[in-house]
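Visitor: I'd like a close look at one single part of this protein. Could you walk me through it slowly?

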Amino acid sequence: MRTRTRTALTSALALASASALTLGLASSASAATAGRTVTDGTRSYTLSLTAPSTAAATGANVTVTGSGYNPDQGVYVGLCAIPAGVNTADPSTWNSKPTPCLGGQDETGTTGASHWVNSDWYWMSPSNSSPFTESGGLGSFSVQIHVKAQLSSTVTCGQSGVTCAIVTRADHFDSSDRKYDVYVPVTFQ
């Protein structure tokens, strides 16, 4: 009797541990890194962006890191729909501005859905902006943004052919510049 009880208890603990491990794995986001090399004037920058590649559809705060950026060019970090014709694996196709983006161009920081990284004007919006960390003339950052599948009342990632990515893009001082676009595609569970 004692052996059966011990065996049943051991089996129950093993099952509970396996379930906890599975739940932990399902709720944790895996990370992906994307990059590109750009020339801005006479200088080349090798951009690297690391962000989760999966997230909860209902919303999650995620950490996004970047390195190799031009500290003289501010960028927005946010979740955006991938424009038609853009292949996230081919920077030569990155000719259209990533839009719409969750929270729009959130210069005031009211949504937490984007972060403005720049070395000159970050003090204008202290709730959602910060300067680049500079080293050797290159800028890096680590920021937290809020992501969720529904970008707007009419656009939802994963529905009606909409694919999304966590991106960097040139800030509002140079919003037509596509050189600083980098995409990490995201799927929602």
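Where is the place of Asp-171?

Guide: Asp-171 sits in the loop between strand S10 (164–170) and strand S11 (182–188). Keep in mind that this is a predicted model.

Asp-171 is buried, yet it has no salt bridge. To count as one, a side-chain nitrogen of Lys or Arg would have to be within 4 Å of a carboxyl oxygen of Asp or Glu. Here, the nearest side chain of opposite charge belongs to Arg-169, and that is 9.3 Å away. What Asp-171 does have is a backbone neighbour: a polar atom of its side chain lies 3.0 Å from the backbone nitrogen of Phe-173.

Leaving out residues up to four places away in sequence, Asp-171 touches Gln-73, Gly-74, Val-75, Tyr-76, Trp-116 and Asn-118.

S10 and S11 belong to an open sheet of 6 strands, in the order S3-S11-S10-S5-S6-S7, with mixed pairing. Strand S3 (54–55) and strand S7 (129–130) stand at the edges with a single partner strand each, so one side of each has no neighbour in the sheet.

Another strand is worth a visit too: S9, residues 138–147. In a regular strand, side chains alternate between the two faces of the sheet. You can follow that in S9, where Gly-139, Phe-141, Val-143, Ile-145 and Val-147 make up the covered face, while the uncovered one has Leu-138, Ser-140, Ser-142, Gln-144 and His-146. Strand S4 (residues 60–69) pairs with S9 in the antiparallel sense over 8 bridges, and Asn-61 stands opposite His-146. Strand S8 (residues 133–135) is antiparallel to S9 as well, with 3 bridges. The hairpin of S8 and S9 has 2 residues between the strands, and there Gly-136 takes a positive phi near 60 degrees.

And the whole chain? It has 1 helix and 11 strands, and 39% of its 189 residues count as buried. Asp-171, where we started, is buried too.

Technical notes:
Residues numbered from 1 in each chain as written. Predicted model: local features only at pLDDT ≥ 70, side-chain atom pairs only at ≥ 80, totals over all residues. Heavy atoms only, no water. Buried < 20%, exposed > 50% of the residue type's maximum accessible area, 1.4 Å probe, protein only. Helix = DSSP H or I, 4+ residues; strand = E, 2+ residues; numbered from the N terminus. Pairing = 2+ DSSP bridges. Lys, Arg positive; Asp, Glu negative; His and termini not counted. Polar contact = N/O pair within 3.5 Å; in protein donor to acceptor, adjacent residues only side chain to side chain. Contact = heavy atoms within 4.5 Å.
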